[in-house]
Amino acid sequence: MSHWFHRNVLKATTQVNFDMAMISSEPSAIKLCSDLKACRRRLLELLPDPGHTVEAIESVFSMYLALLHGLLFVPGENTPSKLRHNTLFKWTHSLLGNTPQLQNDAMFEAANMSCNVAFWFMKHAAMMAAKDDITMEEAKEVHTSLRKAAGIFKLVESEFGPKLTERQLEGGDLDPRVMSAYLTQCTAEAQEVTMARAMELKHNPSLISALANETYKLFSDAARVLEPLGDVTAQWIKYLRLKAAVYQAYAYCFCGENLLSQDKCGEAIRALQESKTCYNSAVELCKEYAKTKGPASKIHPEKHSFFKRLAPKVQITLEKCERENGFIYHQRTPADPPELELKATYGLVSPNEVPMPSPSPLWTPVTYAAFDTPKTNSKDPANSKAAAKVEGDLPPVAEVKVHHTVQEPKTSSGCELQ
């Protein structure tokens, strides 16, 4: 498992008072507004620090969505709430700088807050993976956190995104292409953990090759979906392509090992030659990534053991194949590299299902009736770019920095698993 994870910044927002006009002084309605404000504030306090426990984040996040439920839907029904467009929300986007997007839409709030929670899970996984020593239990938490992040992105993609009434910003977090890339990246990174474990347990090279190939394809897919967005995603795309090249190199390397074990020495040599080509591409992508500007803090994959140990592994295996071919097999080296396994038989990752919580018990018919109908609508001029400029930029979220180990791992693969 490599700990060199590229992480885009958390989204910034402003305080929301939830001072929705009430036609009566119904205590449950007053309490609901108060709880919404307090729960939202608490969640935003927790998110900048990836060191908090998963349980703390999940508890507050679930509570917030349960409290927000009545602003999204009529309690007990699946129809839009009369309160959906009654509150103005402001959110920045992880790739678009500090200018917020404004919308009178609780669905916009649910989607953006969910994205921020998914980012927390990604950052929590990176923090856990970057420790000097990582236990098997901690490795499982990295794996689970990435699957949960993918599950939250899936929730936004399937439940919140399609119900938004306003067109989303190109390159914003709710742009379907950006959402798809985040979801696919989290899945790929969770699969890295599976592959690392397979390497440490010295599973069959054909299985490891297939897992590496599947991981390569996921990173490639995530990069491809972002390409139409241009410069705004340049840094992120470089990271995804870099990861793809590394895993393609590993796929061909273990493919070569497997072919050698089957006495197909000529094909093994060709696989390892291809692995070397992919590795060289990764080296060039490291240089390009270092020079590409973007919102994420720079990482240095070329300094990481998982990356550094690939070249010697490929070279040693290639020299062994060439030596044995010269002495024993005398097989021709094919012009084309061998076909990689199309489907791993074990270890493929899918997102954890993250369901929408049930509404808070506070959302009774009496409470819902106590709120007045909205005085604004989703087409409010406050949503415009001009309004956002008048409002001014929001300060970036002060995120807690993650320590990255400089120690060499004790494991043979360079993976941080024990």
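How do the axes of helix α3 and helix α4 cross, and within what distance do they come? Point 3 takes this up.

1. **Basis.** This is a predicted model, in which local features need pLDDT of at least 70 and side-chain atom pairs count only at pLDDT 80 or more, while totals for chains, interfaces and linings use all residues. Residues are numbered from 1 along each chain as its sequence is written, and side-chain values use heavy atoms, with hydrogens and water left out.

2. **Overall build.** The protein has twelve helices and two strands. Both kinds of element are DSSP runs numbered from the N terminus: helices are H or I with at least four residues, strands are E with at least two. From the N terminus on, the order is α-α-β-β-α-α-α-α-α-α-α-α-α-α. Of the 418 residues, 55% count as buried. Buried means under 20% relative accessible area, exposed over 50%, and partly exposed in between (1.4 Å probe, protein chains only). Take the contacts with a separation of 6 or more: residues 24 or more positions apart account for 80% of them. A contact means heavy atoms within 4.5 Å.

3. **Helices α3 and α4.** Here is the reply to the opening question. The axes of α3 (residues 106-129) and α4 (residues 136-160) come within 8 Å and cross at roughly 165°. That makes α3 roughly antiparallel to α4. The crossing is left-handed. The residues of this contact divide into 19 nonpolar, three polar and three charged. On terms: axes are lines fitted to C-alpha atoms, for helices over the stretch in contact, and angles run from 0 to 180 degrees between N-to-C directions. Under 35 degrees counts as roughly parallel, over 145 as roughly antiparallel, 65 to 115 as roughly perpendicular, and the rest as oblique. Left-handed means that the near helix is turned anticlockwise from the far one by less than a right angle; clockwise is right-handed. Ala, Val, Leu, Ile, Met, Phe, Trp, Tyr, Cys and Pro count as nonpolar, Asp, Glu, Lys and Arg as charged, and the others, Gly among them, as polar.

4. **Helices α5 and α6.** Helix α5 (residues 176-200) packs against α6 (residues 205-226) at about 165°, with axes 9 Å apart. The two are therefore roughly antiparallel. Their crossing is left-handed. In this contact, 14 residues are nonpolar, seven polar and five charged.

5. **Two positive phi values.** Most residues other than glycine have a negative phi. Phe 18 is not a glycine, yet its phi is positive, about 55°. Phe 18 sits in the segment before α1 (27-46) and is buried, at 1% relative accessible area. Lys 202, also not a glycine, has a positive phi of about 55°. Lys 202 is in the loop between α5 and α6 and is exposed, at 64%.

6. **Nonpolar core.** The largest nonpolar core has 128 residues; Phe 18, Leu 36, Leu 71, Phe 153, Trp 236, Val 246 and Tyr 250 touch the most other members. Such a core is a set of buried Ala, Val, Leu, Ile, Met, Phe, Trp, Tyr and Cys residues joined through side-chain atoms within 4.5 Å. Beyond its neighbours within four places in sequence, Val 246 contacts Trp 4, Ala 282, Phe 306, Phe 307 and Leu 310.

7. **Leu 46.** Leu 46 lies in helix α1. Its relative accessibility is 2%, so Leu 46 counts as buried. Leaving out residues up to four places away in sequence, Leu 46 touches His 52, Ala 56, Ile 57, Val 60 and Trp 120. Leu 46 and Ala 56 are ten residues apart in sequence, and 8.4 Å apart in space from C-alpha to C-alpha.
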